[in-house]
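Have a look at the fold, then read on.

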Amino acid sequence: MFYNVLKADDVVEFENEKFEHKTLLENDNSSVNIVAIKKDEIIDTHTSISDALVYVLEGKIELHFDAQKFTLNKGEILMFKKDAEHKVLALKDSKFFIIKI
């Protein structure tokens, strides 16, 4: 077992890519990930193999599920069930955690 102190804002940076993704922990179908995405970029439609929680560290994103759209600002959380098809649109440069359980 190891312990590590990280500053969440510094784990991923805005690079030349549309978005950056880093997995912090992973075990079976559970994981903790952090994403940095630039304004107006999209993470295309996909599903999760586990229930998920999205927590916005900075910025503003939209999560689209079929006909429903949720706007999340800094400090807000959205939880959803596995196999829910969704995509992410960045309304501002944003960083967020994805926790899958």
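Leaving out residues up to four places away in sequence, Phe-96 touches Asn-33, Ile-34, Val-35, Ile-37, Ile-43, Val-54, Tyr-55, Val-56, Leu-57, Ile-61 and Val-88; touching, or contact, means heavy atoms within 4.5 Å. Bear in mind that this is a predicted model, where local features need pLDDT of at least 70 and side-chain atom pairs count only at pLDDT 80 or more, while totals for chains, interfaces and linings use all residues. Residues are numbered from 1 along each chain as its sequence is written, and side-chain values use heavy atoms, with hydrogens and water left out.

**The cores**

- Phe-96 also turns up in the largest nonpolar core, which has 16 residues: along with Val-54, Ile-61, Leu-63 and Leu-72, Phe-96 touches the most other members.
- S2, S4, S5, S7, S8 and S9 each supply at least two residues of this core.
- There is a second, separate core of six residues, and its members include Val-11, Ile-34, Ala-36 and Leu-57.
- What counts as a nonpolar core here is a set of buried Ala, Val, Leu, Ile, Met, Phe, Trp, Tyr and Cys residues joined through side-chain atoms within 4.5 Å.
- Buried means under 20% relative accessible area, exposed means over 50%, and partly exposed is in between (1.4 Å probe, protein chains only).
- As background, nonpolar side chains tend to be buried together in soluble globular proteins.

**The five-stranded sheet**

- Five strands make an open, antiparallel sheet, and their order is S1-S2-S9-S4-S7.
- At the edges sit strand S1 (19-27) and strand S7 (77-80), each pairing on one side only.
- From one strand to the next, the twist averages 15 degrees; axes are lines fitted to C-alpha atoms, and angles run from 0 to 180 degrees between N-to-C directions.
- A strand is a DSSP run of E with at least two residues, numbered from the N terminus, and two strands pair if DSSP finds at least two bridges between them.
- Strand S2 (residues 30-37) and strand S9 (residues 94-100) run antiparallel and are joined by seven bridges. Val-32 has Ile-99 in S9 as its bridge partner.
- Strand S4 (residues 52-58) is joined to S7 by four bridges, again antiparallel. Here Ala-52 stands opposite Phe-80 in S7.
- S7 has two faces: Leu-78 and Phe-80 are on the covered one, Ile-77 and Met-79 on the uncovered one.

**Pairings around S5**

- S5 and strand S6 (residues 68-73) run antiparallel, with six bridges joining them. Glu-62 stands opposite Thr-71 in S6.
- These two strands, S5 and S6, form a hairpin with two residues between them, and Asp-66 in the turn has a positive phi of about 45 degrees.
- S5 also pairs with S8 in the antiparallel sense, over four bridges. Ile-61 has Ala-90 in S8 as its bridge partner.

**A cluster of rings**

- How many aromatic pairs does a search of the whole structure find? It finds two.
- Phe-65 and Phe-70 have ring centres 5.9 Å apart and planes at 75 degrees, so this pair is edge-to-face.
- Phe-65 and Phe-80 have ring centres 5.1 Å apart and planes at 65 degrees, so this pair is edge-to-face too.
- Ring pairs link Phe-65, Phe-70 and Phe-80 into a cluster.
- Rings of Phe, Tyr and Trp (its six-membered ring) pair if their centres lie within 6.5 Å; planes under 30 degrees apart are stacked, over 60 edge-to-face, and the rest tilted.
- Phe-65 is buried at 10% relative accessible area, while Phe-70 is partly exposed at 31%.

**Loops worth a look**

- Most residues other than glycine have a negative phi.
- Asp-28 has a positive phi of about 50 degrees although it is not a glycine. Asp-28 lies in the loop between S1 and S2 and is exposed, at 73% relative accessibility.
- Asp-83 has a positive phi too, near 65 degrees. Asp-83 lies in the loop between S7 and strand S8 (86-90) and is exposed, with a relative accessible area of 55%.
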